[in-house]
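Dear colleague,

I am passing on the model we spoke about, with the sequence and coordinates placed just below. My notes on what was found in it follow, and I would be glad if you read them with the structure open.

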Amino acid sequence: MNAPVQMRKPKETGVPDNKKFLHPVLAKNFGDWKYHDRPRPGVLHHVAHSGDQVWSVRAGTQRQMDVYTIRTLCDIADKFAEGRVRFTIRSNIEYIVSDEKKVAPLIAELEKHGFPVGGTGNSITMIAHTQGWLHCDIPGTDASGVVKALMDELIDEFKREEMPNRVHLSTSCCEINCGGQADLAIIVQHTKPPVINHDLVANVCERPAVVARCPVAAIRPAMVNGKPSLEIDETKCMCCGACYPPCPPMQINDPENSKLAIWVGGKNSNARGKPTFMKMVAAGLPNNPPRWPEVGAVVKNILTVYKEDARPWERLADWIDRIGWPRFFEKTGLPFTKYLIDDWRGSRYNLNASTHIRF
Amino acid sequence: MAKKMHNTPNLDELEKGEWPSFVTGLKRLAKDKDIAVDLLGQLEASYKTRKGFWKGGTVGVFGYGGGVIPRFTELKNADGTPQFKDAAEFHTLRVMPPPGMHYDTATLRQFCDIWERHGSGLIAFHGQSGDIMFQGCTTENVQKAFDEFNEMGFDLGGAGPAVRTSMSCVGAARCEQSCYNEAQAHRAVLNTFLDDLHRPSLPYKFKFKFSGCPNDCMNAIQRADMAVIGTWRDNIRTDEALAKTWFAKHGMDELVNDVVARCPTKTFQVKEIGKIKKGEHISSVKVSDTHAVEIDNQDCVRCMHCINVMTGALAPGKDKGASVLVGGKSHLKIGGLMGTVVIPFMKLDTEEEVEVLVDFAQRTIDFFAENALEHERTGEMIERIGLSNFLDAMEIEVDPAMINSPRMNPYVRTDGWDDEVAKIKAKKQA
């Protein structure tokens with residue numbers, strides 16, 4: 001008998017303390033900051049009650065980074081920023097310097113290495129994105145490629161602060177929407193029910209769990225070709241794809257019929273109005289790699305109209321609140337179809353129960 | 001030197017343009033690593049066919065049940081061998097970040113060295129739940145890579161029906177709007193649930209997120225089962241020098257149109273100095289020799305807008321803490337839910353006060369574990385049983401701050417009304 005292999009027991013250390021990673025001026029003034037301003041796009045200037053000041057320079061990254069890119073970012077931090085960096089929730093990197101004189105050369109160095117400086121204030125910042133074809137097991141499209149293609153189009157607005165208010169975008173490769181709520185989101189929208197491989201269902205899927213997963217109770221157990229499987233009531237199915245993760249033989253992804261939809265008006269912040277969910281405003285866009293030009297055109301159009309028409313501090317949702325949905329569709333030229341009228345639970349709250357109508 | 005590159009005409013298109021290209025990064029890795037060569041091959045196949053080719057499986061590290069996302073290729077030749085054999089296994093290790101996602105370069109370089117030795121060299125900062133994602137590892141190397149990350153003081157994140165990795169904002173480290181020590185609360189809560197994080201056994205995932213103020217930079221309200229969002233109870237603070245500086249730069253039009261008109265409760269007013277009210281709930285500050293702003297803080301909902309516009313001139317009060325909202329999640333299965341208020345305000349200044357939050361989190365997770373259906377999120381569970389029942393179980397008093405409005409239908413049995421009123425009266429007198 002072989003001797004048992006000694007495995008290393010994990011050290012369940014959990015979330016590490018961040019104190020040793022903080023820039024020394026941040027550690028010194030922890031919890032005692034007074035105000036900030038933005039001397040230029042991509043730079044935040046924070047002033048502490050002690051009088052200490054720091055400048056944070058923000059730059060865009062590709063999120064999925066090779067070790068060489070990360071080492072380059074580290075070299076820049078070692079040269080300018082006392083060897084410290086932090087990342088934002090949208091995968092931007094921030095360098096913190098306590099000497100204003102370092103700001104300009106730091107920006108020059110970042111730009112020299114191809115990292116755009118910006119993403120602060122009323123800019124279009126980096127797109128929150130998911131995994132897509134690169135690593136997800138259920139993706140309808142790619143994530144990093146969509147983001148790269150869109151950010152190439154939007155990079156000028158990343159580097160400027162000329163939008164009415166901040167603009168957050170997200171992309172999601174299936175209707176689970178891992179990318180989350182955003183001012184503008186691009187999400188896969190399937191248009192056909194799953195195609196079932198009945199030879200595999202019995203061996204791969206826990207059938208009662210799959211039945212329970214369907215939001216519209218369209219899936220039921222069935223014997224197909226003498227094998228226990230599942231069948232779908234296609235008149236009920238709204239093609240959400242919720243059955244696909246627990247049951248991969250129920251293939252929902254389709255190169256032609258998995259389309260992309262555009263959603264607008266999500267906001268997580270409590271500033272002004274309460275947080276809002278985004279609303280679907282366009283669907284049926286083709287999933288067209290490697291650059292998804294049809295999606296890019298709709299996104300740019302909406303953002304251009306918003307930029308021209310919204311008042312200062314109006315997020316996309318605030319702007320639409322003011323101009324109303326009829327004017328939104330008119331100004332953007334997007335067709336308002338019957339599919340945009342909500343019929344899910346609580347949908348009556350999304351109907352206009354008033355005579356408040358703009359003409 | 002790695003093997004020969006595959007043709008990748010689609011991905012090559014993504015090397016054009018000004019934004020940093022992940023394809024260029026992958027190609028650089030592919031100079032030395034066969035796994036990156038074949039990853040590019042498989043990704044190009046996805047771009048050609050518009051299909052994904054990864055399937056899950058079971059890969060982990062000794063002692064844990066989650067934290068590794070297994071990926072095996074589904075692109076096979078006729079004889080069943082993988083078309084891209086060097087990326088046939090391409091697992092991800094999820095590693096929890098420090099609060100606020102601060103790093104020193106020594107740590108990042110060490111990550112890179114470890115991942116160059118054991119993985120593909122591809123790292124995402126960060127995934128949507130906040131994890132550092134070390135992408136692309138063979139089954140054999142997962143344990144080796146984890147052991148080295150773990151020795152550095154880093155630990156795996158959550159996956160599956162488990163407590164998930166959390167995020168907190170830059171917060172008190174650099175932000176004047178911070179209303180509690182986000183990093184302390186983040187660690188105190190998460191590190192209480194490491195067993196539930198590393199060994200998935202809940203009905204479904206459970207996420208915590210920590211934002212220092214109602215701007216909610218961590219998107220906690222929308223994507224956390226429990227959102228801890230900083231706020232304050234006393235009056236907005238003011239600074240006359242900064243208020244005058246702001247006004248000198250921006251003027252009356254912007255003050256009226258961008259601040260007064262955008263106050264959601266219209267409690268923010270601009271007045272001639274002589275007409276400013278005085279009182280215990282009034283904040284006021286002169287913006288010029290003739291005009292001042294006046295805020296009746298009892299009508300303020302702490303939305304942050306005026307503070308965002310006039311940062312420094314206005315600031316959150318000193319009696320800070322957090323609101324706790326429960327039940328946020330995305331679409332599946334019943335539709336998107338925002339978290340709703342369960343604790344309108346709690347202090348988080350001392351370790352004892354943070355312990356109260358940890359205790360509430362513990363009781364919520366215990367209740368969730370016992371009462372949620374399989375694959376049901378906390379928000380869906382509360383929708384099914386009603387908020388009152390959840391509050392009862394948590395031993396939390398009802399509070400009108402928890403609702404938009406009282407009920408709009410009579411479909412409720414109210415024969416316990418008198419008892420409830422008596423309880424509230426007794427409590428008031430006590």
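At what angle do helix α2 of chain A and α4(B) pack, and how far apart are their axes? Please bear in mind throughout that this is a predicted model. Helix α2 (residues 67-80) of chain A packs against α4(B) at an angle of about 160°, and the axes of the two helices are 10 Å apart. As angles over 145 degrees count as roughly antiparallel, α2(A) and α4(B) are therefore described as roughly antiparallel to each other, and the crossing in which α2(A) passes α4(B) is left-handed. From α2(A), the residues V67(A), I70(A), R71(A), C74(A), A77(A) and D78(A) take part, and they meet T105(B), L108(B), R109(B), C112(B), W115(B) and E116(B) in α4(B). By class, the residues of this contact of α2(A) with α4(B) comprise seven nonpolar, one polar and four charged.

The contact between the chains, to turn to the whole of it, takes 94 residues from chain A and 104 residues from chain B. On the side of chain B that touches chain A, helix α4 (residues 105-118) of chain B gives the most, with seven residues. That side of chain B is made up of 46 nonpolar, 37 polar and 21 charged residues. Strands also pair from one chain to the other: strand β4 (residues 64-66) of chain A and strand β6 (residues 119-125) of chain B are joined by three bridges in the antiparallel sense, with M65(A) standing opposite I123(B) in β6(B).

Within chain A, the domain assignment gives domain 1 (19-112), domain 2 (132-191 + 255-343) and domain 3 (195-251). The C-alpha centres of domain 1 and domain 2 of chain A lie 29 Å apart, and five residues of domain 1 of chain A are in contact with seven residues of domain 2 of chain A. The side of domain 1 of chain A that touches domain 2 of chain A has one nonpolar, four polar and no charged residues.

Two hairpins of chain A share strand β2. Strand β1 (residues 33-40) of chain A pairs with strand β2 (residues 43-48) of chain A in the antiparallel sense over five bridges, and D37(A) stands opposite H45(A) in β2(A). The hairpin of β1(A) and β2(A) has two residues between the strands, and in it G42(A) takes a positive phi near 90°. On the other pairing, β2(A) is joined to strand β3 (residues 53-59) of chain A, again antiparallel and over five bridges, where H45(A) stands opposite W55(A) in β3(A). Four residues lie between β2(A) and β3(A) in their hairpin, and G51(A) in the turn has a positive phi of about 95°.

For chain B, the assignment gives domain 1 (9-151), domain 2 (167-233 + 319-406) and domain 3 (237-315). The C-alpha centres of domain 1 and domain 2 of chain B lie 32 Å apart, and nine residues of domain 1 of chain B are in contact with 14 residues of domain 2 of chain B. By class, the side of domain 1 of chain B that touches domain 2 of chain B has two nonpolar, seven polar and no charged residues.

Chain B also holds an open sheet of three strands in the order β12-β14-β13, with antiparallel pairing. β12 (268-272) and β13 (282-286) of chain B stand at its edges with a single partner strand each, so one side of each is left without a neighbour in the sheet. On average, and with direction ignored, neighbouring strands of this sheet are turned by 25° against each other. β12(B) and strand β14 (residues 291-296) of chain B run antiparallel and are joined by five bridges, with E272(B) opposite H291(B) in β14(B). Helix α9 (residues 240-259) of chain B packs on the sheet, where it touches β12 and β13 of chain B, and its direction makes about 105° with that of β13(B).

Finally, the axes of helix α2 (residues 22-30) and helix α3 (residues 34-49) of chain B come within 7 Å and cross at roughly 140°; α2(B) and α3(B) are therefore oblique to each other.

With best regards

Notes
Residues numbered from 1 in each chain as written. Chains lettered and ligands numbered in written order. Predicted model: local features only at pLDDT ≥ 70, side-chain atom pairs only at ≥ 80, totals over all residues. Contact = placed C-beta atoms within 7 Å. Nonpolar A, V, L, I, M, F, W, Y, C, P; charged D, E, K, R; others polar. Pairing = 2+ DSSP bridges. Axes fitted to C-alpha atoms, helices over the stretch in contact; angles between N-to-C directions. Domains from an automatic or database assignment. Parallel < 35°, antiparallel > 145°, perpendicular 65-115°, else oblique. Left-handed = near helix turned anticlockwise from the far one by under 90°.
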